[in-house]
Each structure stands twice: as C-alpha cells, then as structure tokens.
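Colleague: I would like to go through this model feature by feature. Please start with a charged pair and how to read it.

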Amino acid sequence: MRLDDFDYELPAELIAQEPLARRDTARLMLLDRASGALDERTVSAFPDLLNSGDLLVLNDTRVIPARLLGRKESGGRVEIFLVRRTPEEGECWLCLLRSSKPSRPGTCILLADGMTATVTAQVDEGTWTVSFAPAEAFSDWLERHGQMPLPPYIRRGAGAHDRQRYQTVFARQAGAVAAPTAGLHFTPELLDAVRSRGVTVATLTLHVGLGTFQPVRVDNILEHRMHREFYRIPEETAREVARRKREGGRIVTVGTTTTRALEHASREDGTVRAGAGEADIFIYPGYRFRVVDALLTNFHLPKSTLLMLVSAFAGKDMVFAAYEEAIRRRFRFFSYGDAMFIY
C-alpha cells in the first residue's frame, strides 16, 4: 500500500475553523459496513443509534496548553510544543522546537514571568528534550501562559473559547497535546440520553501525542513507525468489555484514540488487559479488529494514520466513497468538523 492510496482532494472551505455554537448540532454521517449504505442525522440523534446492552467507551484525556512562545537569549523567537513529560527529575519534556535558526543543546529560551527552558539534548530529527525552571512552578505557569495546541489547519490563533471547546466535557486526566476530537461533540445531556437507552458508558485514558498526528513520511506505509502514546485502561472498563463479549452487546468507541488503546491491549478473545501501557499500534487495511464493533469518528486528513485506521475498519473503498459523498454534501472536516458513525 502506498501513501498516495490514502490521498483525496478537499476544498479548503470545508476545513472547520470554529466550533459550532452547540457541540451536539454537528452533522452525523452514518455508514453501514455490511451494505455500504449512507444516511445522515445530527449528533444529537446519536443515542437513538445505540442498543440496550451496548458499551460506549470514551477517552477522558485532558488537553494541556502545550504551545509556548519565548525568545533565545540572542533575541530570536522560539515556539516550543510540548509532546510528553520524560522520566527525568524536574520538569523535563520531549518537545518540538520551531525557530529561525537551529537549536542546540545548552540553548536557553526565555519565557514569560521568569520561566526558562533549556534545551538538553536532541532525540531525533525535530524532537528535543527541554528542561523548565523553576520546576516547582511550571504546572501553574503552564495553565496561565500556555496556548491551546490547535492543529495547523485551523488558520487562526487560539482564542479564549478554545480553552473550553478544544476539550471534551468528560476530560479528566491531563496530558494530551491534541484533542480526541470525536469526543468534542458530546454534552452532559447527550451522555445522559445515551445512558437512558440502557447503554453503559466507560472511560480509558490515552494521551494524544505524536503517534496520532505525526505525518507519514514514507511512500510505502508499511515502513511507517508510530510514536508511543501512554494509555491506561481501568479495571472496571476491562470488566465491562469482557461482559459485552460474553453477552453479545457491541463495543462502541468514540474516536480513533480510544480504538487504538483497546486494540493495543486486546487479547485474542476480544477482551482487554487492564492497566497502563504505551500504544504504538499502527492500524491500516488488513488489520483484524478484536474488540471494536462500531466507531464514532470525525473526518480525517488525507494520508493520515487516522484515515488508514478508519479504512481498515470499514474498508478503504467504502470509506473513500463516504468521504466523496461528505464533500458533495458540504460536511465540515477535521477537528471542529462533523462526525461519522461506522457500524
């Protein structure tokens, strides 16, 4: 399989630049995997598509304000993008750095309110370890001065409203540097409606990082290697998955990140291991899903690993036909866009 096999043309005006006034008013395309039939609802009707006995699994990761702006001691501007905390003592992070001149170990970056960032080592092309001081003040400082890490296809700076809207209503565990975007459509009322259908709602945590949004840079996709992303599956969620596998209910995942965590932790019988791990699973057409029966997801970038996962779940031809129809119907794409339910 070649990277170009997962390309498509998207009119720029269909890339959503702002969230809708209400989360659950987004359009929802339905794709029946058995027949290829397409239908359309709004996300507010999503509970009606679930059955009593289903299990809905959410990713409760919380997006941190991971984009930082500073200056080198020489005066050059630097953008720091936090990826994940490293095991070293203090506040040491794996970061992406953007500046007019290349950084090097020892470079000191001056940030707001006396915070400093020191580049300690280069990990690979484009990623560095950076130490922040004073370490004991960093968490509070980050909440005050960090910017929400909107993706580059949103062609505006992050605004105050993004602090709330680029975050799910069920976000609990801080650590993601991108939102699990399918979850952005939910409201507390929508979750209540899901539960009223006799559907159990469970959570896991996968901190969205480079593994999700790093572009594929090889023509042969089999040569692509995913970055690891931390996840944790609670014992209760693992028990609920096992119960549905015994009793015949569906496992319905909200988003590709939730799907990747469950499939990475899966056993041959479709149950999952509880506990923490690091997901580096790359799901592309030909993969056999063990756990997931239905998937709520947004519309994804061309040539992305997310589009490859969705193509594996429903079949590439079926997915691309659905995307072509979504473009014809003027659906909104990507993070703040509309959604698709594949069942």
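Modeller: Asp-162 is buried, with a relative accessible area of 0%. Keep in mind that this is a predicted model.

Colleague: With which residue does Asp-162 form a salt bridge?

Modeller: The general idea comes first: side chains of opposite charge can pair when their charged atoms come close. Here Asp-162 pairs with Arg-156, and their closest N and O atoms are 2.8 Å apart. Arg-156 counts as partly exposed, at 23% relative accessibility, whereas Asp-162 has 0% and is buried.

Colleague: How many salt bridges does a search of the whole structure find?

Modeller: The search gives 24. Some of the residues involved are linked in a network: Arg-27, Glu-40, Glu-325, Arg-328 and Arg-329.

Colleague: How should I read a pair within a helix? Where do Arg-243 and Glu-247 lie?

Modeller: Look at the spacing in sequence. Both residues belong to helix α5, which covers residues 235-247, and they are 4 residues apart, about one turn of the helix. Arg-243 is partly exposed at 34% relative accessibility. Glu-247 counts as exposed because its value of 55% is over the 50% cut-off.

Colleague: Which residue forms a salt bridge with Lys-245?

Modeller: Asp-293 does, at 3.8 Å from N to O. This pair links distant parts of the chain, 48 residues apart: Lys-245 is in helix α5, and Asp-293 is in the loop between β15 (275-279) and β16 (294-298). Lys-245 has 29% relative accessibility and counts as partly exposed. Asp-293 is also partly exposed, at 25%.

Colleague: Now the domains. What are the bounds of domain 1 and domain 2?

Modeller: Domain 1 takes in 3-63 + 163-342, and domain 2 takes in 67-145. Their centres, taken over C-alpha atoms, are separated by 31 Å.

Colleague: How do I read the area buried between domain 1 and domain 2?

Modeller: The size of an interface is often given as the accessible area lost when the parts come together. For domain 1 and domain 2 that area is about 590 Å², and carbon and sulfur atoms give 57% of it. On the domain 1 side, Arg-163, Val-177 and Leu-210 supply 63% of the area buried against domain 2, more than any other three residues.

Colleague: How many residues of each domain are in contact?

Modeller: Domain 1 contributes 6 residues and domain 2 contributes 9.

Colleague: And which residues form the salt bridge counted between the domains?

Modeller: The count is 1 salt bridge between domain 1 and domain 2. The side chains of Arg-163 and Glu-143 meet in a salt bridge, 3.9 Å from N to O. By class, the side of domain 1 that touches domain 2 has 3 nonpolar, 1 polar and 2 charged residues. The count of residue pairs in polar contact between the two domains is 1.

Colleague: One last residue. Is Ala-314 buried or exposed?

Modeller: Ala-314 has a relative accessible area of 10%; this is under the 20% cut-off, so Ala-314 is buried. Ala-314 lies in helix α7, residues 305-314.

Colleague: Which residues does Ala-314 touch, not counting those up to four places away in sequence?

Modeller: Ala-314 touches Leu-31, Arg-33, Val-319 and Ile-342. For separation in sequence against separation in space, take Ala-314 and Ala-34: they are 280 residues apart in the chain, and 8.9 Å apart from C-alpha to C-alpha.

Note on methods:
Residues numbered from 1 in each chain as written. Predicted model: local features only at pLDDT ≥ 70, side-chain atom pairs only at ≥ 80, totals over all residues. Heavy atoms only, no water. Domains from an automatic or database assignment. Contact = heavy atoms within 4.5 Å. Buried area = accessible area lost by both parts, 1.4 Å probe. Salt bridge = Lys/Arg side-chain N within 4 Å of Asp/Glu carboxyl O. Polar contact = N/O pair within 3.5 Å; in protein donor to acceptor, adjacent residues only side chain to side chain. Nonpolar A, V, L, I, M, F, W, Y, C, P; charged D, E, K, R; others polar. Helix = DSSP H or I, 4+ residues; strand = E, 2+ residues; numbered from the N terminus. Buried < 20%, exposed > 50% of the residue type's maximum accessible area, 1.4 Å probe, protein only.
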